[in-house]
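Here are some notes to read alongside the model. They are set out as numbered points, and each takes up one topic.

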Amino acid sequence: MKIAKTDIVFFLLASVTGGICYARFGADPVIDGTVKAGILLLEILPQLVAGLLIGGLVTRLVSREKVARWLGGASGLTGLMLATIAGLLTPGGPFTSFPMVYALWIAGADAGALIAFISAWSLLGFNRLIVWELPLLGVEFSLIRYAACLPLPILAGVLARWLTRWPAFQLKSPEAE
Amino acid sequence: MNGPLIIVWVAVLILGYFVWRREGPRGLRAGAASAAGISKTLVLRLPLALLAASFLVQIVPIEPMSRLIGPTSGVIGIFIASLLGGLLPGGPMTSFPIAIVFIEGGAGIPQMVGLIGGWSVFALHRLLAYEAPIMGWRFVALRLGSCLILPLLAGLITEVIVAVTPLG
């Protein structure tokens, strides 16, 4: 099995927090915390597996090229709406989404569409809602939060288009960065 | 079996059917392989992250902080909560367990929406690790400029939702 840098970071994080916990409160809270974490893991596992499968299946149905075509060029509010929908459907962590934003950028999507896309991914990501938020934070809270955030990615896209009037916010061509 | 669990597995079946109709068993295998690839990276990280979050909530004074962002703390509470959210480390696997502790500690719903919003939008860890290296600093500046008010807005919209609907 390959051990990545991130794994070491999380290992250190768990050791340090566990160590501090032991030093301050003794062994009981450490055992208690470990048991709680184990129970939580078992609780989220069935949804996590389903979420991963959804992510894998969606990559078979929606190709990167197709997404880029829908958002290319000056696309108006329709483009921002499409970018929002594409973003909220994009599964996976930042290691999937930012490469997709980069691909859209190269394909000719404008700043507003890129911002709407990444905002929708981070605020409304459907995969995260199903795998993490519903099981951990509950249906009612998740629904309220989702409804409150629904219009925000489009707003961010409009703001981004407005901000690019100033040179400091103008994106250079992808190759120049 | 609970509601969300049934929904996700129904979604798996529906998507699986579409993939099967388009690509046959080969597509299903490729989709599963892609899922297995991601789960391989999680197998060590996820238990450690849950463990770290579980210890973290015991040593960080979350209860006094929860009072700071209680249901009556209003706009200022939402603002503080969204800043706090931006500082939460890691992905949903670490930050959501911490969020649960805030909710149990007595934080208000609009403030919690601000907190999750701040975590979604500002995510310092993600910004440094992925966004800046891939997209460049100009993009980071543009995105932060465009998204600065979103967590606050999300919290305020939630105030309205909680006030006019039976939810909350």
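1. Two residues are in contact when heavy atoms of theirs lie within 4.5 Å. In chain A, 73% of the contacts with a separation of 6 or more are between residues 24 or more positions apart. Please keep in mind throughout that this is a predicted model.

2. Make-up of chain A. The chain has nine helices and zero strands. Read from the N terminus, the order of elements is therefore α-α-α-α-α-α-α-α-α. Of the 177 residues in chain A, 48% are buried.

3. Extent of the interface. The size of an interface is often given as the accessible area lost when the parts come together. For chain A and chain B, the buried area is about 7200 Å². Carbon and sulfur atoms give 81% of that area. The contact involves 84 residues from chain A and 80 residues from chain B.

4. Which elements of chain A give two or more residues to the side that touches chain B? They are α1 (5–25), α2 (27–61), α5 (94–107), α6 (111–124), α7 (126–137), α8 (139–149) and α9 (152–163) of chain A. The most comes from α2(A), which gives 23 residues to this side. Sorted by class, the side of chain A that touches chain B holds 61 nonpolar, twelve polar and eleven charged residues.

5. Polar links across the interface. How many salt bridges does the rule find across the interface of chain A and chain B? The number is zero. Polar contacts are present, however: five residue pairs are counted between chain A and chain B, with both residues at pLDDT 80 or more.

6. A residue that touches both chains. Ser122(A) belongs to helix α6 of chain A. Is Ser122(A) buried or exposed? Its relative accessible area is 2%, so Ser122(A) counts as buried, the limit for that class being under 20%. With neighbours within four places in sequence left aside, Ser122(A) is in contact with Arg128(A) in its own chain and with Ser120(B) and Arg126(B) in chain B.

7. Salt bridges overall. Side chains of opposite charge can pair when their charged atoms come close. Over all chains, the whole structure has four salt bridges.

8. Asp32(A) and Lys36(A). The closest N and O atoms of this salt bridge are 3.7 Å apart. Asp32(A) is partly exposed, at 37% relative accessibility. Lys36(A) has 52% relative accessibility and so counts as exposed, because exposed means over 50%.

9. Arg161(A) and Asp110(A). In this salt bridge the closest N and O atoms are 2.7 Å apart. Arg161(A) is in helix α9 of chain A, whereas Asp110(A) is in the loop between α5 and α6 of chain A, so the pair ties together parts that are 51 residues apart in sequence. Arg161(A) is partly exposed at 26% relative accessibility, and Asp110(A) is partly exposed as well, with a relative accessible area of 22%.

10. Glu133(A) and Arg145(A). Here the closest N and O atoms of the salt bridge are 2.5 Å apart. Glu133(A) sits in helix α7 of chain A and Arg145(A) in helix α8 of chain A, twelve residues apart, and the pair links distant parts of the chain. How accessible are the two residues? Glu133(A) is buried, with a relative accessible area of 0%. Arg145(A) is buried too, at 1% relative accessibility.

11. Thr84(A). This residue is in helix α4 (residues 76–89) of chain A. Thr84(A) has 6% relative accessibility and is therefore classed as buried. A polar atom of the Thr84(A) side chain lies 2.8 Å from the backbone oxygen of Leu80(A). Which residues does Thr84(A) contact, leaving aside its neighbours within four places in sequence? They are Ala116(A), Ala120(A), Leu124(A), Pro153(A) and Ile154(A).

Methods: Residues are numbered from 1 along each chain as its sequence is written. Chains are lettered from A and ligands numbered from 1 in the order in which they are written. This is a predicted model: local features need pLDDT of at least 70, side-chain atom pairs count only at pLDDT 80 or more; totals for chains, interfaces and linings use all residues. Side-chain values use heavy atoms; hydrogens and water are left out. Buried area is the accessible area (1.4 Å probe) that two parts lose on being put together, summed over both. A salt bridge is a side-chain nitrogen of Lys or Arg within 4 Å of a carboxyl oxygen of Asp or Glu. A polar contact is a pair of N or O atoms within 3.5 Å; within protein, one must be able to donate a hydrogen and the other to accept it, and residues adjacent in sequence count only if both atoms are side-chain atoms. Helices (H or I, at least four residues) and strands (E, at least two) are DSSP runs, numbered from the N terminus. Ala, Val, Leu, Ile, Met, Phe, Trp, Tyr, Cys and Pro count as nonpolar, Asp, Glu, Lys and Arg as charged, and the others, Gly among them, as polar. Buried means under 20% relative accessible area, exposed over 50%, partly exposed in between (1.4 Å probe, protein chains only).
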